Amino acid sequence: MKISCEGRERIFLDGSTEEWKALEEHAASCPVCAEEVRAWKQLSAAAAELRNYREAPALWARIESSLRERQNAPVRGRFWRHLDLWPRLSQSWQMALAGAMVLVLGVSGSYLYTHRTPANSPDATAKLLKSSALAEVERTEREYTTAIDKLAADAGPQLNSETPLMANYREKLMVLDSAIAELRAQAGENPSNAHLRYQLLAMYQEKQQTLEEVLEIKR
Amino acid sequence: MGSVGLTLPWEHRISGAVRTGERRVEPSESRMETEQVAAEPSQDAAVASACLSGNLQGYEQLYRWQGTRMKNLARNLLGSPTDAEDAVQETFLKIQRSIASFRGQSSFVTWSFRILVNTCHDLRRARLRRKVQATEDVESLLPGSVPRATVSHPSLRMALERALERLTAHQREVFLLYEVEGFRHAEIAGMLEISETASKNTLFQAKRNLRALLEPPRSAGAGGAR
């Protein structure tokens, strides 16, 4: 294989073993290429200076303890664990998923509304919260919402920082807020529906968890 | 017609291995053949499967196998051993949190290093922002005013670290992953979500830029090569 000075850069970029061999043979009689090849290889050799594989004895203990702590934390549902992937999705995917989520909630909400069981049927009364229980739920929900709002206020400065991670968290919270608003609207029309209340509670819990993660990053 | 002359100030410190080992035309690829740090499919699969089953021993195996390499990459990307340890710890937590999403499309090591690189991105950005805010008026700390690597005759490592700081983040990552950590272009492509060709091009640009940064200023009469 015959190599000239013109082929040198291409070999530096993507040369095969044979091409490198040919270049070195050419460099033996070409001082310019010899210097270039030597300098190019020296950069690779110099990179070894950045290799420091010394053990950090305490590091594994630290990692293990944090892994164990997280492992022993209460297990969240599979669906909620999937939300951990949210920050890693691209913005367009996030927007698309957020849109789809709102659409699904809207469609299912209107379906439930139009196909709801008459309130006076015996089947329905079993599923409905009685008025005293309802008052209790609404009071607790108000307290819970206030507590989450306080958490949101604490996380506010961190959330407003212009990092991609925080932008993702803001998006996630936006989706959760819109889902919460949707569910609250449905619950407003059907206040005694326990199933809706459970869904709402799950959304609040996810929001709380998200805000705690934001605060955790703040440290 | 003088030679282009990369008379690096650290030239004398480089071992003769490069010149005597002329068969090693691509040092990193050859290193991979001997060290085989990443490309051990059975070990990779065993560690992945242990981690997937929620066994903490799986994470320990990953740490014993790749921990020092992860820490080394993080230290080179972040410039501080403390930040590097934080990044490795955070990476393990992220691996644990998202292990269910590992589909085996790349090796487990490649997947773990992708998380590490992203974690370092986040930490670096956060730290840079803090630094810029705190030192807004201290011009000497801003990247644009970093002195040429060769001016003060620092050690090879320091010269290289300073020169690396002047590269783009992407070039720095590819150079460190390929030349320092010994990953293949195909693996780097998987980690950085780029094509293999893009990885090769980025490495080429990184090495060209490093060379220019490490080359001593030429005297007026010595220029004119090519």
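In helix α3 of chain A, the residues A:Cys33, A:Glu36, A:Val37, A:Ala39, A:Trp40, A:Lys41, A:Leu43, A:Ser44, A:Ala45, A:Ala46 and A:Ala47 are buried (20 or more other C-beta atoms, placed from the backbone, within 10 Å of the residue's own). The model is predicted, with local features requiring pLDDT of at least 70 and side-chain atom pairs pLDDT 80 or more, while totals for chains, interfaces and linings use all residues. Residues are numbered from 1 along each chain as its sequence is written, and chains are lettered from A in the order in which they are written.

Helices here are DSSP runs of H or I with at least four residues, numbered from the N terminus. Helix α3(A), residues 31-47, reaches 25 Å from its first C-alpha to its last, close to the 24 Å expected (1.5 Å times one less than the number of residues).

The axes of α6(A) and α9(A), lines fitted to C-alpha atoms over the stretch in contact, come within 10 Å and cross at roughly 5°; the two helices are therefore roughly parallel, a term for angles under 35 degrees. Residues are in contact if their C-beta atoms, placed from the backbone, lie within 7 Å.

| Helix | Range | Contact residues include |
|---|---|---|
| α6(A) | residues 91-114 | A:Gln94, A:Met101, A:Tyr113 |
| α9(A) | residues 164-189 | A:Glu171, A:Val175, A:Glu189 |

Between the chains, 49 residues of chain B are in contact with 42 residues of chain A. On the side of chain B that touches chain A, α4(B) supplies the largest share, ten residues.

How values were computed: Contact = placed C-beta atoms within 7 Å. Axes fitted to C-alpha atoms, helices over the stretch in contact; angles between N-to-C directions. Parallel < 35°, antiparallel > 145°, perpendicular 65-115°, else oblique. Buried ≥ 20, exposed ≤ 12 C-beta atoms within 10 Å, placed from the backbone.
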